Amino acid sequence: MSSASDTTEAGRLEREYNPRVQVPEFASYFARWKDSAHEVRRSIDARLDLRYGLLPAERLDYFPAAGSGNPLLVFVHGGYWRALDKNDFSWVAPPYVASGISVAVVNYGLLPGTPLLLIIEQVRRACAWLHHNARALEIDPGQIVCSGHSAGGHLTAMMLATDWPGVWPEFPQRLLSGGVTISGLFDLEPLTRAEFIRNDLRIDPVLARALSPAFLPWRNDVPLIRAVGAEESAEFHRQSTLMGAHWPLACERELIDVPGCNHLSVCDAFADARSELFAATKALLSR
């Protein structure tokens, strides 16, 4: 039988971490994102469903900027590793492409069918594939920044915790030139106790710690920009603050607290050319 304290804790985790509780109008965001992404794929140059691996989900969409030798922004979607798709996020690309930055939007397998360990490996494969194919894609292999929203923020930080030569000896230690996390999840332990996700996540506290960037070494000596919506929960703020304390040299830039944004609208700000977050990301890609 559950105790009152267990019930209280379950409710707290639901309020703090479940965007469907925090943002009651969540469905309207998802519908708008899908419609906007469809229109973008119809209207700008894109190379769709490029295979970076053998599994069906291992695909990415590439949106090239004009010219050659451009920096590349890699975007990894959120959805608590179990929902959404690259086809919902093509709208991230146009403002960056217009600024001379090519964009790759990455797909990966979803929970519970694809374990979190494999999802991390898939995003690694995508980044490695992009670096390896830099010449064919006409991008600068020395200017590849990985970015991600929510669960995608976790996956982005895991890329900066990756020992690239240890996985693939032919790759440099600094395979990426930076990272951008938007409302990222860096300490997974609370999610092992959260009713809405734990049964799909299927990790125990020991594995949760092993897959939490907030407890892993910073293996890529590159900057990490962190952002969170000002209207998000205390836990999402704590997560990004924790990351800054753990990797202080990577996180020299202060946490960007995006005004007026919740857990979903902060992702809109990432692709808003008027926002501080967009300007910071663009500057990181121009270093």
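1. Helix H2 (19-22) and helix H3 (26-43) each give at least two residues to the lining of the second largest pocket. Helices (H or I, at least four residues) and strands (E, at least two) are DSSP runs, numbered from the N terminus. The model is predicted: local features need pLDDT of at least 70, side-chain atom pairs count only at pLDDT 80 or more, and totals for chains, interfaces and linings use all residues. Residues are numbered from 1 along each chain as its sequence is written, and side-chain values use heavy atoms, with hydrogens and water left out.

2. The second largest pocket holds about 260 Å³ of space. Its lining has 17 residues; closest to the centre are Pro19, Arg20, Phe30, Gly79 and Tyr80. A pocket here is an open set of points on a 1 Å grid over the protein atoms alone, where a 1.4 Å probe fits, with protein on both sides within 12 Å along at least five of seven lines; lining residues have an atom within 4 Å of a point. Grid points are joined across faces, edges and corners, and a volume is the space filled by probe spheres set on the points.

3. This second lining divides into 9 nonpolar, 6 polar and 2 charged residues. Ala, Val, Leu, Ile, Met, Phe, Trp, Tyr, Cys and Pro count as nonpolar, Asp, Glu, Lys and Arg as charged, and the others, Gly among them, as polar.

4. The largest pocket holds about 320 Å³. It is lined by 18 residues, and Val222, Pro223, Leu224, Leu284 and Arg287 are the closest to its centre. Strand E5 (139-149), strand E7 (224-229) and helix H13 (276-284) are the elements that give two or more residues to this lining. H13 has the largest share, 3 residues. By class, the lining of the largest pocket has 10 nonpolar, 3 polar and 5 charged residues.

5. Helix H7 (residues 151-160) is largely enclosed by the rest of the structure, because 10 of its 10 residues are buried (under 20% relative accessible area, 1.4 Å probe, protein chains only). Among them are His154, Met158 and Met159. The cover over these buried residues includes strand E3 (70-76), helix H5 (116-132), E5, helix H8 (164-167), strand E6 (178-182) and E7 (contact: heavy atoms within 4.5 Å).

6. E5 is also mostly covered, with 8 of its 11 residues buried. It pairs with E3 in the parallel sense over 6 bridges (pairing needs at least two DSSP bridges). Asparagine 70 has isoleucine 139 of E5 as its bridge partner. E5 and E6 run parallel too, joined by 5 bridges. There, histidine 149 stands opposite isoleucine 182 in E6.

Terms used:
Buried means under 20% relative accessible area, exposed over 50%, partly exposed in between (1.4 Å probe, protein chains only).
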